[in-house]
Protein chains: 2
Amino acid sequence: MLSRFLFVTLLLMSASMTFAESRIALVVHGGAGVSREELSPENEAASRKALEESLQHGYEILKAGGSSLDAVSAAIVVLEDSPLFNAGRGAVLTAAGTVELDASIMDGATLKAGAAAGVQGVRNPIHLARAIMDKSPHVMLTGPGAEAFAHEQKLRFEPAEYFILPERVEQLKKAKAAALKQASGGRIPTMFKVGTVGAVALDKQGHLAAGTSTGGMTNKRAGRVGDSPVIGAGTYAEDQVVAVSCTGHGEFFIRAAVAYDVAARMKYQSVTVDAATREIIKVKLPKLGGEGGLIALDSKGEVSTPFNTPGMFHGSIGTDGTVHIAIFEE
Amino acid sequence: MLSRFLFVTLLLMSASMTFAESRIALVVHGGAGVSREELSPENEAASRKALEESLQHGYEILKAGGSSLDAVSAAIVVLEDSPLFNAGRGAVLTAAGTVELDASIMDGATLKAGAAAGVQGVRNPIHLARAIMDKSPHVMLTGPGAEAFAHEQKLRFEPAEYFILPERVEQLKKAKAAALKQASGGRIPTMFKVGTVGAVALDKQGHLAAGTSTGGMTNKRAGRVGDSPVIGAGTYAEDQVVAVSCTGHGEFFIRAAVAYDVAARMKYQSVTVDAATREIIKVKLPKLGGEGGLIALDSKGEVSTPFNTPGMFHGSIGTDGTVHIAIFEE
């Protein structure tokens, strides 16, 4: 009787473990800060399509038993290559009219990480972040040093014309005008301050990964680095805990160590991913004055996507396989 | 009777509050990684003297009612100007033979922060970090963009000869030889990987501040950024919680979000500063393979200075006013 009970228990345990281990999930974002008034129906449709394509690229890898790191990279590459988001092609312009890109990636299994900041010409900064993680003893490389490493690793470069879109040149002009206005008491519209892409994934082996890529803030000073390439601020992943990618006014996300704070609250307070992220995005950041949002995925596949801006482009394929795309709170 | 009891209670409360509010403390470090064999008696005496001078400069500010931020800056400037430590003058050399400096500072009262990474020619990078915090909307500036801002702020610059010392040129040669050896299976000595200066302070108003400044790793790749300018990794301060400055193999400190993790454990697990720092430096980091140490100061003036390397140059003036300087565990 006892042995039979044990047998059934073990059978159930192994079944539930297999089930748990084969749970896969992927969440992507295309930046917080968009408002209903700013978003045309055409732009909305195109953005939703790009988010779906990003999810599909990443999810195929997870379904085939690939790693969460590979899925995160693949999902982000789609958004970097799309002119719609503030990363890779179509990134916002610095005050000098150039494109300076930042990206980071983190492996929850090993806590290894790679980050590139202030790089020009690299087509897919997320690939550079990955190469820094995998093929250098460093975590963070910046500027020409990072570009030299990208050349050594034979990563693809593109000329300035590839990155710089006419609408971003227009946006820079407006941002400069707004900055002048701000100097005389006005306020810089949120749309000039935010926008980033990112992905978090859980693979069949139960490993979590997170990645983020951005062009930063429109009209930013040359050399300015936001939270996206800062491990613990814009990106963090730790197996058995959570994977996080942030988007928003980066300075506040650095000061609040947002991505790691999600993990810390889950580890030390034993709260759910949703309780942890909401406390940070809806309470802690607004107190500081920080606008933005994040995507988070825990080790059971629970998804959390809070934001304190009017909208955030985001999408997910949960453990039940259903695709969900949203921009505003429902 | 009751009113008398209340009166005495209030009197005691206000006395204890005044006492608590007037507690001041300062802790400084000059880098982890030194071993007894590497340290000559002359070098030890000179280092102790410099640490004492650094403490005095910072402590005078605190005694006079100045801010913890000013005390941290003043203490760090002494160590940056000293040729003995890996920050400012006497910083280690990059693979290209240049000096690339990183620094950061954080204000526990407002959670404001400033950081500069990969800057050349700025005499006191901690002043640049402070200017970025106080006079720009950004937290982190890198490379030429950060240098341009330093020029705008009229910070003092020095020529390459000021920073580059003959012993560092010698050290670079040795590090390059060691790197070649490592490529064939050897191990890079700890002394080439670590070294940084930092300070944490508690002022009469009860405000905490932290700052860190470094030249990074000998023979580092151009553009490599370690934990020192990364808020949450190398530096963190939050009033009522803790101020932290780290030193060590920066890549591991970034991956483990060390400085913020000290604060998170204290906030969410309600452990003491010593319990929090020891768990990270003596358990978590060694598991990852990370060598180094940190200085931490909580809001009551409790000091914690753990390290997992043979030695760490550090000193403190506690709430009782006694000066303590140490390099190895006693």
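Trainee: How many residue pairs are in polar contact between chain B and chain A?

Mentor: A polar contact is a pair of N or O atoms within 3.5 Å; within protein, one must be able to donate a hydrogen and the other to accept it, and residues adjacent in sequence count only if both atoms are side-chain atoms. Between chain B and chain A there are 20 such residue pairs, both residues being at pLDDT 80 or more. The model is predicted: local features need pLDDT of at least 70, side-chain atom pairs count only at pLDDT 80 or more, and totals for chains, interfaces and linings use all residues. Residues are numbered from 1 along each chain as its sequence is written, chains are lettered from A in the order in which they are written, and side-chain values use heavy atoms, without hydrogens and water.

Trainee: How many salt bridges are there between chain B and chain A?

Mentor: A salt bridge places a side-chain nitrogen of Lys or Arg within 4 Å of a carboxyl oxygen of Asp or Glu. The count here is two. In one salt bridge, A:Arg221 is joined to B:Glu152, with 2.9 Å between the closest N and O atoms.

Trainee: How much area do chain B and chain A bury between them?

Mentor: Buried area is the accessible area (1.4 Å probe) that two parts lose on being put together, summed over both. The two chains bury about 3,300 Å², of which 62% is on carbon and sulfur atoms. B:Arg221, B:Arg255 and B:Tyr268 supply 24% of the area that chain B buries against chain A, more than any other three residues.

Trainee: How many residues of each chain are in contact?

Mentor: With contact taken as heavy atoms within 4.5 Å, 36 residues of chain B meet 36 residues of chain A.
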